[in-house]
Amino acid sequence: MKVVVCVKQVPDTKGGVKFNPDGTLDRGAMLTIMNPDDKAGLEAALRLKDQYGAEVTVVTMGLPKAEEVLREAMAMGADKGILVTDRVLGGADTWATSQTIAGAIRNLEYDLIITGRQAIDGDTAQVGPQISEHLGIPVISYAQKIEIEDDHVIVERQYDDRYHVLKAKMPCLITALAELNEPRYMTPGGIFDAYNAEITVWGRDKLVDVEDSNLGLKGSPTQIAKASDKVRKGAGEKVTLDPAASVDYIVDKLKVKHVI
Ligand SMILES: Cc1cc2nc3c(=O)[nH]c(=O)nc-3n(C[C@H](O)[C@H](O)[C@H](O)COP(=O)(O)OP(=O)(O)OC[C@H]3O[C@@H](n4cnc5c(N)ncnc54)[C@H](O)[C@@H]3O)c2cc1C
């Protein structure tokens, strides 16, 4: 069994978000982590490795620095890491990103592809389903439990107040929720091996069946019109009044704002 896991290196938003003057994220200036949903997807793949001896390949598209997230995945137990990086891929929206990742995956054998449901920076939840569309395979999103039965995968798909159990023939793509499991820690031996492990690096020339017109900023149908930090609320207004006057004061304010 062969499992491909897509992992994205994302900014650690706890450290604050920084933008370039053109509104894109200044990724170089921020600390980074493995996207949490992807880590759960990786853990699910590693459990298939523990149970069935599955081979786990992690794929990321990003700057050369994104190699770090592959080494982290390998220190957790992934067998191979592939970094897709090339200047012409920069500025990609979800369409161009999913075209790129699908183009890379076409080089690989796979029974199962696992992506996170959503990246905590782009936040669109589009890339996983788009990859499955490009590759012409079924997708089951929002997986909270994954089991294998012969050549089928059985998935609990989460809804707000219920779940559905879905079954699909492999090859198939699953998008994983962070709640799927508790990801394992890297082991000291794993960290040592991952530090020395060879990472495969692919550029545009390795992408199969992808037109230049679908890559990078030029191949991105969506554009960021404007990006900014959240406007912070002001300090507010402090008044000291007795209870009856406070009520009148608040009612007047609400009337001015047409709330009542
Ligand atoms: C015009 C435009 C320009 C942009 N320019 C930039 C830019 O210059 N720099 C920039 O960083 N972003 C840029 N973006 C944002 C970019 O679109 C998203 O980061 C990217 O397409 C992935 O979308 P998402 O983060 O919403 O992923 P989601 O769809 O939320 O991700 C779902 C899952 O897909 C997988 N996945 C997503 N992205 C990757 C990846 N790169 N590698 C491996 N797996 C992945 C992960 O498993 C992830 O959990 C730009 C967007 C637009 C519209």
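Mentor: Helices (H or I, at least four residues) and strands (E, at least two) are DSSP runs, numbered from the N terminus. With those names, proline 171 sits in the loop between β9 (163-169) and β10 (172-176). The model is predicted, with local features needing pLDDT of at least 70 and side-chain atom pairs pLDDT 80 or more, while totals for chains, interfaces and linings use all residues. Residues count from 1 along each chain as its sequence is written, and side-chain values use heavy atoms, leaving out hydrogens and water.

Trainee: What makes the peptide bond from methionine 170 to proline 171 worth a look?

Mentor: That bond is cis, with omega near 5°. Most peptide bonds are trans.

Trainee: And what about the phi of alanine 125?

Mentor: Alanine 125 isn't a glycine, yet has a positive phi of about 60°. You'll find alanine 125 in the loop between β6 and α4 (127-135).

Trainee: How do you know which residues surround the ligand?

Mentor: A residue counts as near if one of its heavy atoms lies within 4 Å. By that rule, 31 residues surround the ligand, and the closest are Lys8, Arg27, Asp38, Ala119 and Thr124. β4 (55-61), α3 (94-105) and β6 (112-116) each give the shell at least two residues.

Trainee: Why are α2 and α5 called oblique to each other?

Mentor: Helix α2 (residues 67-76) and helix α5 (residues 188-196) pack at about 140°, with axes 7 Å apart. Under 35 degrees is roughly parallel, over 145 roughly antiparallel, 65 to 115 roughly perpendicular, and the rest oblique. The angle falls among the rest, so α2 and α5 are oblique. Their crossing is right-handed, meaning the near helix is turned clockwise from the far one by less than a right angle.

Trainee: Why are α3 and α4 oblique to each other too?

Mentor: α3 and α4 pack at an angle of about 50°, with their axes 9 Å apart. That angle also belongs to the rest, so α3 and α4 are oblique. α3 passes α4 in a right-handed crossing.

Terms used: Axes fitted to C-alpha atoms, helices over the stretch in contact; angles between N-to-C directions.
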